[in-house]
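Please bring the structure up on the screen, and then I will walk through some of its charged pairs and one of its helices.

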Amino acid sequence: MSLNLSGLSAYTEENAMDLIRASLFESKTIGMIQVQPGIKSAATINILSSTPTWAAGACGFSAAGSTILTQKTITVSDIKKNEVICLNDLEAYYTQKMMNPGSYNEAIPFEQMYAEELAGQTAKMLEVLTWQGNTAGAGNLVFADGLVKLIDADGAVVTGTALAMDAANIVAAVDEMVAAIPADVVASDNLVLFMGYAEYRIYAAALRDANLYHYDGAENQGGQFEQFVPGTNVKVVGVGGLNGLARMFLAETSNLFVGTDLLNDSESFKIFFDENEDEVRIIQKMKIGFNFAFPERIVSN
């Protein structure tokens, strides 16, 4: 008589290794630009510009020049994420080994890892929304108009280059973007040229191949995807929000704005056990919107 195991599934020691959370990039752009908090629906970016007129010294008072107060509006969208986890469903799989004894489990056994995963996914969504958001689009991009759409719609933005962002042209394209910076912006101490990660790597490789090793930025890429354009005060920064667009934007980080309600809304969420439904519920809510103050100080390809 032989042993018949046809009614069993082959066992794999799935719990031998802890759950591995996907590695996701943070919302890099939002960490660099200006955050305007306290917005429930809409708020203004208050702009002051002055044009002084000087005259030869003499007695008397003769007013000249002007100071202009203008505004641009940041409109935020109220967005949320709801999720439900039935803990009973975990009992049939290897996850049962993570659960407490008894039938009254009320917490996700891998809650810390789940929270980190949720925070990472939120950062990824916000990074893409910052640049590619389009209220006339689809999916997660519909919640706000991002900087690409807003900049492209403004006729006062400076056009920097029409060259392709490929290996043959990327260095020249970046140089043309830098050359197009308006004269009164050149000396700014927070000029950043944003581009996607792929284009950044093409640029870094092009500098390397040109033997520009004496520039620190070309020597040490690291994991930051940041370096200065050789001989300038312009920092080139690769961001995930521009991946796949073949676009680059040169602006002062002080000129780009993200509007929200509470500063840490995007990082906080509630995880709680609902006794009425016998399930774990997750609630995440935030408000988000984008704009800029001075279009004439932005350069776009």
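Predicted model: local features only at pLDDT ≥ 70, side-chain atom pairs only at ≥ 80, totals over all residues.

Let me begin with a question: is Asp-261 buried or exposed? Asp-261 is buried, because its relative accessible area is 15%, where buried means under 20% relative accessible area, exposed over 50% and partly exposed in between, with a 1.4 Å probe and protein chains only.

Residues are numbered from 1 along each chain as its sequence is written, and side-chain values use heavy atoms, with hydrogens and water left out.

The side chain of Asp-261 forms a salt bridge with that of Lys-40, at 2.8 Å from N to O, and by salt bridge I mean a side-chain nitrogen of Lys or Arg within 4 Å of a carboxyl oxygen of Asp or Glu. Asp-261 sits in the loop between strands S10 (256–259) and S11 (270–274), and Lys-40 in the loop between S1 and S2 (42–51), so this pair ties together parts that are 221 residues apart in sequence; helices (H or I, at least four residues) and strands (E, at least two) are DSSP runs, numbered from the N terminus.

Across the whole structure, a search finds 14 salt bridges. Another one of them joins Asp-152 and Arg-247, at 2.9 Å from N to O. Asp-152 lies in helix H2 (residues 147–152) and Arg-247 in the loop between strands S8 (235–238) and S9 (248–252), so parts that are 95 residues apart in sequence are tied together. Asp-152 counts as partly exposed, at 44% relative accessibility, whereas Arg-247, at 17%, counts as buried.

Now let us turn to helix H3. In H3 (residues 170–179), the buried residues are Ile-170, Ala-173, Val-174, Met-177 and Val-178. Seen down the axis of H3, they fall within an arc of 140°, so they line one face of the helix, the arc being that of the directions from the helix axis to the C-beta atoms. As background, an α-helix has 3.6 residues a turn, so residues three or four places apart point the same way.
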